[in-house]
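Please look through the sequence and the model below before reading on.

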Amino acid sequence: MANGSKQIVDFAKIKATMADPYKHPVQVIDREGKVVDPDTLAKYSDDQLVDFMKKMVWERTLHEQTMNFSRQGRLGFYAPTAGEEASEMGSVTAFKKQDFLLPAYRDLPQMIQHGTTVAKGFLWSKGHVEGNQHENPNMMFPQIIIGAQYVETAGVALGIKKNGDEDRVAFVYTGDGGTSQGDWYEGVNFTSAYQAPAVFFVQNNGWAISVPRYQQTAAETLAQKAVAMGVPSVQVDGMDIVAVHEVSKAAREFAAAGNGPVVIETLTYRYGAHSSAGDDPSRYRTDEETKPWFDADPLIRMRKVLTDKGVWSQDQEDKLVEEYKDEFKSAMKDAEAAPAQKVSDFLKWTYNVPTPAVKKQIAEFEAKESK
């Protein structure tokens, strides 16, 4: 038999090209604030675009004020969101109140937009049980375990399907680090296997605490990971609120129509530390790396578009910031006025029917707390 020089499979070519469909992020407004997709932008009225800007200013102000409260020792854990306003506000506004949100710890802004209050967000950060009691019941409390909310989403989405709920989906967020967890694969795969209605967001903000995205996986994009589970996916410019909203809205419609789940990778960036717990991003990131992201700031982009249209001004923005600050200060007063938590209550909530030992502890703590 002659030795042929041609290989039956060209693995090098497969590896070099398998990410090609996902390396062209959807974009409407580019890094310089130039409209590159005027047809899509034309779908939105000036009032809608102004509302997008207001929501991003709201989130940026919420972040800054929350950091101030954290430095004052008035909060517990907080995960900064500066830089992710377009990704978060663009996506959450594409969903309806009946949709079920499964947030991670960096998703308090989406929760507030979906139907809880700023004060409840502060209470959650303070570790108060009332921070888990929301006006809109269609959301979970933030998940701390990385990626675990993806498994929970699979269950919620399957429940929506089995209940025959129409025009309803589950949606969930994680960061780039979450896609390195087994829960991410299990949640997406389970949802895909049952063709349940879910939209999975991956906010690729470049870092899983101090581990850069390129050290987590050899995949060129995170969106392409969904292909292995038969799930359509897309990469979108996560600093472009119009593009994020348009893609999110299309994904919601697709999932709600019974077509199964969608994965959306938003290319965004967290400007600050991973959390208020104390990591120092200057130890693992350089100014050379961060500057291009600051230049691509989502507020700067939209500000330019709206200013060019003559529907936005710096005075208008400054007034909004002061209004939002007052709102958040008032919310903090409300949070601090919540009744102090009791150890006896924690013990009562441990078991549906307390054991004899726990009953004894409840009595002991109630006696101390009544003094």
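What follows is a walk through this structure, from its overall build to its salt bridges.

This is a predicted model, in which local features need pLDDT of at least 70 and side-chain atom pairs count only at pLDDT 80 or more, while totals for chains, interfaces and linings use all residues. Residues are numbered from 1 along each chain as its sequence is written, and side-chain values use heavy atoms, with hydrogens and water left out.

The chain holds 15 helices and seven strands, where helices (H or I, at least four residues) and strands (E, at least two) are DSSP runs numbered from the N terminus. Its radius of gyration is 23 Å, close to the 21 Å that the globule rule gives for 371 residues, so the chain is as compact as a globular protein of that length; the radius is taken over C-alpha atoms, and the rule is 2.2 Å times the number of residues to the power 0.38. Of the 371 residues, 50% are buried, a word that here means under 20% relative accessible area, with exposed meaning over 50% and partly exposed in between (1.4 Å probe, protein chains only). Among the contacts with a separation of 6 or more, 76% join residues 24 or more positions apart, a contact being heavy atoms within 4.5 Å.

Turning to the charged side chains, the count comes to 20 salt bridges, each defined as a side-chain nitrogen of Lys or Arg within 4 Å of a carboxyl oxygen of Asp or Glu. One of them joins glutamate 85 and arginine 60, at 2.5 Å from N to O. This pair links distant parts of the chain, since glutamate 85 lies in helix α4 (residues 85-92) and arginine 60 in helix α3 (residues 46-71), 25 residues apart. Glutamate 85 is buried at 0% relative accessibility, and arginine 60 is buried too, at 14%.

Arginine 60 also forms a salt bridge with aspartate 297, where the closest N and O atoms are 2.9 Å apart. Here helix α3 is linked to the loop between α11 (287-295) and α12 (298-309), across 237 residues, and aspartate 297 is buried, with a relative accessible area of 5%.

In another salt bridge, lysine 120 meets glutamate 135, their closest N and O atoms being 3.6 Å apart. Lysine 120 counts as buried at 15% relative accessibility, whereas glutamate 135 counts as exposed at 51%. Finally, Lys96, Asp99, Asp167 and Arg252 are linked in a network of salt bridges.
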